[in-house]
Amino acid sequence: MLRNYFKIAWRNLIKNKSYTLINIGGLAVGMAVAIVIGLWIYGELSYNKNHENYNRIAQVMQNQTVNGITETWDALPFIMSEGLRNEYGNDFKYAVQGTWESEYTLGFGNKMFIKTGSYFEPEITEILSLNMINGVRNGLKEMHSILLSQSLSEVLFGKMDPVGEILKLENKVDIKVTGVYEDFPENSSFKKLDFILPWDLYVSQDWWIKEVLESVNPWDAGGSTRTYVQMAENTIIEEVSLKIRDIITDKKSELDKTYEQEVFLHRMSKWHLYGEFKNGTSIGGGIGDVWLFGVIGLLVLLLACINFMNLSTARSEKRAKEVGIRKAIGSNRRQLISQFFIESILISTLAFLFSIFVVAFILPFFNRIADSHVVILWDNPLFWILGLAFSILTGITAGMYPALYLSSFKPVKVLKGVFKAGQSASTPRQILVVSQFTISIMLIIGTIIVYQQINYAQNRPLGYDKDGLIAVSTTEETHKNIDAIRLSLINEESIIEMSESNNLITDEWNTAGGFEWDGKDSKLVGEFHIGSVNYDYGKTIGWKIKEGRDFSREFGTDSIQLILNESAVAFMNLKDPVGKILRNPGEASSVITIVGVVEDLLIASPYEPVKPYIFANVKGRGKLSEFLIKLNPEKSVKESLGKIEAVFKTYNPSRPFEASFVDEAYAKKFGNEKRIGQLVTLLAILAIFISCLGLFGLASYMAEQRIKEIGIRKVLGASVLRLWNMLSKDFLGLVIIACAIAVPVAYYVMDGWLQKFEYRTSISWWVSVLACGGAVVVTLITVSYQGVKAAKANPIKSLKTE
Amino acid sequence: MLLEIKDLFKWVNSGGNRIFLLNDIELTINEGDFISIMGPSGSGKTTLLNVIGMLDDFNEGEYHFLDQEVHTLKEKYRAKLYKDYIGFVFQSYHLIDELTVYENIETPLLYKNYKSAERKSLVADMLDRFNIVGKKDLFPSQLSGGQQQIVGIARALISSPKLILADEPTGNLNSKQGEEIMNLFKQLNDEGVTIIQVTHSEKNATYGSRIINLLDGRIINTV
């Protein structure tokens, strides 16, 4: 019996090749989308799970409230980890602090490499449960030691065991390799760590930290580290988090009432997907994308299932005769139902197997645009079980209608040929087509709006000229000789201008508080972002002075001058700011004069308002860590870079020369939105493709059903155009209904999405016109092929078939 | 007695009027009969045949089949009854296009849960009997109309029914093929199978032992 069912199902598939192709192909594409997104979501949800102590690890963070605005920081005082160990030792198994990932040079023999690493207190190796390949986990006990990742060890030493070898850090300190750990996986927050250095070494190199830690109360001095903890057994992270909330305020000798600080623990399981904070509470983050793509993936899959259902039911009406015969020769209803189910499950299972190939084919492409590392879980039985369970479910859902509906017919009716899919039979199908196009149109509108928003933000005035700007990290030697380097490069005509600054212009800069000025609102806390730069900064980036003047050496090289941005002027509520004076928080005696105002520079997020910035000319290397160089646009970039490298090499012969382009760094700000845009586009295209596939199948079925009617009409003198019109009209009506549903829903959803951005585009009416017009055109093209074919056919043939 | 129909009515309501499809039918059929139902188009021949075959129901009256009261039986039991005792032959053959000759003949046995070996020997017998062994792997579309009808008859006979209901079995065939089919029926009838056929052809009607003439749903005479 079962064999008979399979046989007839198989023969039906073979016999109707185009139908089979459309059905299996469409479903396979839909399933492939669902699988890829499912795998991606799996990857996102399992982020960091490779760390053995996943559930007991947390990062210490703080909420700072100034001027009523709460911001969340992961930067903490240098004393934090020690304070936690001393005060709450029972709650934590380990508490460690460390530096953020940064690039350092490592020298071995006469080779030098720029690699990324951090300084950490020794127990970090336990918290992260490093898998040691060579050496031991507690390899950070000695001040002059280093742990290397496996890949870095291979770069430096090849296959040999490097333990005991000596490396030169930043061309200054000798450090001994004490171990090699297995690389962190791609979905670990620590994947960038090529090496780990001991915290003690960091302290020994920086007099300021030493001073802070040795001061009367280090809690007052603050500092900036990141701090991680591993909880002791039998503790609840949330409880401990509340317990330590006021540790900073409690420990400080003097309380600054304008400035609230609350410490909390952010558990590892939330780092990746719930990493964004607003007003001191987690507002999600990556989880938003997980939801977004989860929903879209399901929708695309739903489209494919709808197709499958639609085509199955359309086809099955053709098979009503078979149902009649089977009933007449003794089949009961149950047997017919199982026959139809087996057929649809066979198709969906085939589609699943086929979709695996599609997934293997599109994964590299997906990984590139999604910047992800999704892999097929070939060896995970759960993957296969879920996949098969899913195909059976799809098969049953799709087979439901034909199985239950057709099997209910009286054989006499079908055998007599009276059986006709009446108006009522096609209603569910019409609803399915409408929902399909609703989803497609929504995706089109979504895609257009995402790109509009990106475009809008990209066209936002920058306040500086990013073209031909490159950044190079300073070293002691090059910093000392900036004037000589600058002059020789300008004389060579390879650059226009060159300057130094504390930060990359594309990263948000540090803040400092406590500034005072005449006429300041007493409730306002004078906190600003500080742009530490040198004289030629403005000329290098080409900022626009609105009032006053730029920094200038002519006004005495030793005095500090200030330039505000427009937002700072607004924040301070100053009229005629030029010439006004700002008092420094630390030393009340020191006053600095505002010499100019610049147009707002877009430094941080292109979607948010520009923050108040103060630019000050400073000198020390501690404050000036980046060179910014404006290339000569008349020279080729390659030639100029070569010359710049040559000059830098004369001061740092062994250090590799690395320059980054500001416009590339700027483009990265749109990385996430661009990624979303590209993915949504891809999904929208697939959705439309699947919908059209279904429409095509349905149109050909309808044309076939009405072949006799078309024949009669033709004999009576209908033109091809009129017949085409008649056949296309129905579908067009459905698409128009879909438009009416999709447009408001899409507007609502996208309006919600746009709320995320403070600097956002408005939704214009033409978006929906474009999307709906596109859907109508695509529908007409799809339907017309079948319509014209049917209309042009010779009526004698179609009438003879009866 | 194989079946007996008493005071049977079947009607449809159309715009306030009751139109009788079958009107006061009285009919008794004994085992071994070969009955021809005749009458002009729309006289209710096929409807009567379908009622006898339990594929269609009726509004009033009694129908006894082998001492079972069909009019009181539930759908499920009715289906079982006709599955066991009745074979159908159709004017347009109604073979399943996707199945081969062999499989078409085999299908009723599948529905009656015969074992594989049994099915094989029964189908082989049937192929032998109708001389179509060489055609067993062909699909219906590869056969002539006459051959298709032979397959249709073989399929109707495979579960050894007591009664064969044939709705214009030669309607789509040329005269030579028609004659072959009628001879086949005659032969089956001689072997003891009861046959009821609907036909338009006087000539075909003469193969039977009795002719029932219908007009407007009423039996006007029995010859």
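## Exercises on a predicted model

In this predicted model, chain A has an average pLDDT of 85, and 96% of its residues score at least 70.

**Exercise 1.** Determine which elements of chain A have the lowest and the highest mean pLDDT.

*Solution.* The lowest mean pLDDT among the elements of chain A, 67, belongs to helix H28 (residues 795-800) of chain A, whereas the highest, 95, belongs to strand S10 (residues 195-198) of chain A. Where pLDDT is low, the predicted coordinates should not be read in detail.

**Exercise 2.** Describe how domain 2 of chain A meets domain 4 of chain A.

*Solution.* Begin with the bounds: domain 2 of chain A spans 54-271, and domain 4 of chain A spans 469-668. Next, take the contact itself, in which 10 residues of domain 2 of chain A touch 8 residues of domain 4 of chain A. On the domain 2 side, strand S4 (102-108) and strand S5 (111-120) of chain A each contribute at least two residues.

**Exercise 3.** Characterise the packing of helix H3 (residues 101-111) of chain B against helix H5 (residues 145-157) of chain B.

*Solution.* First, the two axes come within 7 Å and cross at roughly 30°. Because angles under 35 degrees count as roughly parallel, H3(B) is therefore roughly parallel to H5(B). The crossing of H3(B) and H5(B) is right-handed. The next step identifies the contact residues, which are B:Val101, B:Asn104, B:Ile105 and B:Pro108 from H3(B), together with B:Val151, B:Ala154 and B:Arg155 from H5(B).

Methods
Residues are numbered from 1 along each chain as its sequence is written. Chains are lettered from A and ligands numbered from 1 in the order in which they are written. This is a predicted model: local features need pLDDT of at least 70, side-chain atom pairs count only at pLDDT 80 or more; totals for chains, interfaces and linings use all residues. pLDDT is the predictor's confidence in each residue, from 0 to 100. Helices (H or I, at least four residues) and strands (E, at least two) are DSSP runs, numbered from the N terminus. Domain bounds come from an automatic or database domain assignment. Two residues are in contact if their C-beta atoms, placed from the backbone, lie within 7 Å. Axes are lines fitted to C-alpha atoms, for helices over the stretch in contact, and angles run from 0 to 180 degrees between N-to-C directions. Angles under 35 degrees count as roughly parallel, over 145 as roughly antiparallel, 65 to 115 as roughly perpendicular and the rest as oblique. A crossing is left-handed if the near helix is turned anticlockwise from the far one by less than a right angle, and right-handed if clockwise.
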